Amino acid sequence: MGRYIGLDVHRDFAQVAIVEDGIVSDAGRVDCRPAALREWMTGLRSDDEVALEATGNSDAIATLLTSHVARVVVSNPLKTRAIAEANIKTDKVDARILAQLLAADFLPSVWLPDERTRRLRRQTMRRAHLVRQRTRLKNQVHAILHRNLLPRPPVADLFGTVGRRWLAGQDLPNDEHHTIEALMRQLDFLGEELALADRELAAEALADPVVRRLMTIPGVDAVVALSVVAAVGDFGRFSSSDKLVAYLGLHPRVRQSGNQPASHGRITKAGRAQTRGMLVEAAWVAARAPGPLRAFYKRVKARRGFQVAVVATARKLAVLCWHLTVDGQDYAFARPSLVAFKQRKLALTAGAPRAHAHRGPGYDYNDKQLRRHEREVIEVAERAYETLVAGWQPRRPAHTGTADFGVRPRRA
């Protein structure tokens, strides 16, 4: 029988414990640099199994170990209660518990993404970081105006050409003007970096049919679709849409004991917060676009308020993403001209040449009459959904894992 090895991973080292023939023992420490890890792995056997908790560097360590041992298990630290709630908690104790839980096959593991999914996660997180930095700088400019009793800017974009001209003409102390100029230089630099990041992501989106399919949903652009794909990876590993919703942390907490009725609370917010936030932003857009999604938002808003309604719409978007990907179909209520316009904009962001003096893909979106016709067709579907649910009584939903609109019935 192979050995069961537990690694309590830190930034610079990992504490090692081994279970062999039912006996647990400490095996010292190993440095977490690639060269030291490769040297340590020469002593591993092909039938060994290794367990480590999910941390910032556990993914890289697991990748190195995969080709040397029979199995690598990256455990979910939120579910490893034996470690989290231990009265005596040291590196040696944690490594021993990991090895013993692995030997008992009682270790809750997390999914290990492939290389492309890891790259997408890094790229989407980098873009989100750039956006947060830009927002922070813009807030500092608005704070300068506020503390100097200046009125609100008369332009929609304070950081555009007209807005900067207005900003330069305001009566401010010299040091405040210097601060604004420095902030503007930083904004310009981050804008260039954001454009480069968007170009890389656009190239990834064009090459991914799943991303293009998810973009048929109103409110979902390439960035939102890529964030979902990066978080999920393989949609087929979820047996139902409810599993995906739970993975993204968009389902409510449920508490029930004995004969008492179950109580439902706020969403769990488990999983990747960045992807969940992107779905909520997409839900705000979908709630304003014509179609069944807007009718769904209005129905929930009338009963529970707009905050619950937008989160419920984000959950519905996650359900749609699962169904569209698993069934291999586009959104049933998509507007063709809008989808073509989004894809053409994506191609231009990726660096495609602009088509001058002739009508290229996405040009139909400029036809107001065509846009009006498509909008009227979708509004008919919206009214049909409102009629369908008009007689529904508020009750706990049946967890069937199916969407009530936007997905054609699956064949038996």
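## Two exposed loop residues

K269 is exposed, its relative accessible area being 56%. In this predicted model, K269 sits in the loop that links strand 7 (263-267) to helix 11 (273-286). Take a look at its backbone too: phi of K269 is near 60°, a positive value in a residue other than glycine.

D105 is also worth a visit. Its phi is near 55°, again positive in a residue other than glycine. You will find D105 in the loop between helix 4 (91-103) and helix 5. With a relative accessibility of 59%, D105 counts as exposed, because the cut-off for that class is over 50%.

## Helix 5 against helix 7

Next comes a helix pair. Helix 5 (residues 115-147) packs with helix 7 (residues 174-206) at an angle of about 155°, and their axes lie 9 Å apart. That angle makes helix 5 roughly antiparallel to helix 7, since angles over 145 degrees fall in that class. The crossing of the two helices is left-handed.

What kinds of residues make up the contact of helix 5 with helix 7? There are 13 nonpolar, seven polar and twelve charged residues in it.

## The two sides of helix 15

Helix 15 spans residues 368-389, 22 residues in total. From its first C-alpha to its last it reaches 31 Å, close to the 32 Å expected at 1.5 Å a residue.

Its buried residues are E374, I378, A381, E382, Y385 and V389. Viewed down the axis of helix 15, these fall within an arc of 105°, so they line one face of the helix. An α-helix has 3.6 residues a turn, so residues three or four places apart point the same way. On the face turned away from the buried side of helix 15 are the exposed residues K368, Q369 and T387.

Conventions
Residues are numbered from 1 along each chain as its sequence is written. This is a predicted model: local features need pLDDT of at least 70, side-chain atom pairs count only at pLDDT 80 or more; totals for chains, interfaces and linings use all residues. Side-chain values use heavy atoms; hydrogens and water are left out. Axes are lines fitted to C-alpha atoms, for helices over the stretch in contact, and angles run from 0 to 180 degrees between N-to-C directions. Helices (H or I, at least four residues) and strands (E, at least two) are DSSP runs, numbered from the N terminus. Angles under 35 degrees count as roughly parallel, over 145 as roughly antiparallel, 65 to 115 as roughly perpendicular and the rest as oblique. A crossing is left-handed if the near helix is turned anticlockwise from the far one by less than a right angle, and right-handed if clockwise. Ala, Val, Leu, Ile, Met, Phe, Trp, Tyr, Cys and Pro count as nonpolar, Asp, Glu, Lys and Arg as charged, and the others, Gly among them, as polar. The expected span of a helix is 1.5 Å times one less than its number of residues. Buried means under 20% relative accessible area, exposed over 50%, partly exposed in between (1.4 Å probe, protein chains only). The arc is that of the directions from the helix axis to the C-beta atoms.
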